[in-house]
Amino acid sequence: MRKVKKAIIPAAGLGTRFLPATKAMPKEMLPIVDKPTIQYIVEEAVASGIEDIIIVTGKGKRSIEDHFDHAFELEHNLFSKGKFDLLDEVRRSSNVDIHYIRQKEAKGLGHAVWCARNFIGDEPFAVLLGDDIVQSQTPCIRQLAEQFEQLQRSVIGVHTVPQDETHRYGIVAPLERTDRLYAVDYFVEKPLAGQAPSRLAIMGRYILTPEIFRFLEHQEEGAGGEIQLTDAIQKLNESQGVYAYDFEGIRYDVGEKLGFIMTTLDFALQNEELRKQLLQGMEMILEREYTSKINR
């Protein structure tokens with residue numbers, strides 16, 4: 001039985017939705033409260049039993065490597081001042097074995113995954129996208145890995161989205177369903193409005209067999225003029241069958257501004273040190289907005 005021990009985290013995107021903040025800072029390093037978004041992704045992979053992680057980066061992403069490296073001056077400073085809680089937090093991000101490769105051309109998600117083919121070799125692997133953070137009792141990628149270990153087939157994480165948002169995602173056309181698991185007729189990347197075969201959307205979590213690289217190597221450009229991972233998954237589905245799994249947990253979209261803000265607020269409310277003051281601050285803002293609306 002093959003098990004999933006390796007993971008790819010694509011992090012080569014330009015972050016244009018967050019300009020000008022991402023002009024000099026990778027969007028993956030934008031913090032949710034006090035932790036970069038990419039650290040949530042790495043922690044999920046580690047909690048899922050992943051042993052080796054490769055992050056696919058691009059130009060201007062050096063700070064990601066620095067974040068997961070040891071910071072000796074900082075650690076010594078915290079130690080000498082007795083700030084051991086902070087020291088543990090800082091060291092937590094550097095106690096993971098992470099490898100890096102650069103995507104030299106912005107050709108899309110499919111190409112980013114293909115860039116890591118030599119690291120993966122002939123093993124099944126996970127893909128975790130940084131635009132999605134998932135909070136769940138069992139880590140999301142662990143849920144998919146458990147399905148893979150039974151099926152020995154690729155498993156794609158999905159959630160149901162509103163009909164008017166289907167054009168933003170890769171969409172699954174399902175066949176039969178067993179609990180949360182779906183056999184799949186076909187996958188389509190960002191269907192035109194009103195043409196989606198279902199509301200089951202791919203949510204940035206994948207367990208894939210290495211055969212996907214055969215299709216990615218010759219994959220033509222798809223939606224947005226990029227090499228789409230979803231298109232290669234469809235070819236893999238035609239070859240050996242791919243499943244979709246409606247994973248348990250709350251999915252946060254941090255790939256666009258409103259979702260990022262809402263995620264930050266939600267995570268801050270979960271922080272006992274911040275919750276009371278944040279609620280007071282939000283109440284003041286709402287009162288101000290209400291007063292302003294009344295006085296117009």
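Reader: Why does arginine 180 count as partly exposed?

Author: Its relative accessibility is 30%. Buried means under 20% relative accessible area, exposed over 50%, and partly exposed in between (1.4 Å probe, protein chains only), so 30% lands in the middle class. Mind that this is a predicted model, where local features need pLDDT of at least 70, side-chain atom pairs count only at pLDDT 80 or more, and totals for chains, interfaces and linings use all residues. Residues are numbered from 1 along each chain as its sequence is written, and side-chain values use heavy atoms, leaving out hydrogens and water.

Reader: What makes arginine 180 and aspartate 246 a salt bridge?

Author: Their N to O distance is 3.9 Å. The rule asks for a side-chain nitrogen of Lys or Arg within 4 Å of a carboxyl oxygen of Asp or Glu, so the pair qualifies.

Reader: And how do you know that arginine 205 and glutamate 44 form one?

Author: Same rule: the closest N and O atoms are 2.9 Å apart, which is within 4 Å. Arginine 205 sits in strand β11 and glutamate 44 in helix α1 (residues 37-47), 161 residues apart. Helices (H or I, at least four residues) and strands (E, at least two) are DSSP runs, numbered from the N terminus.

Reader: How many disulfides turn up in the whole structure?

Author: 0. A disulfide would take a pair of cysteine sulfur atoms within 2.5 Å.
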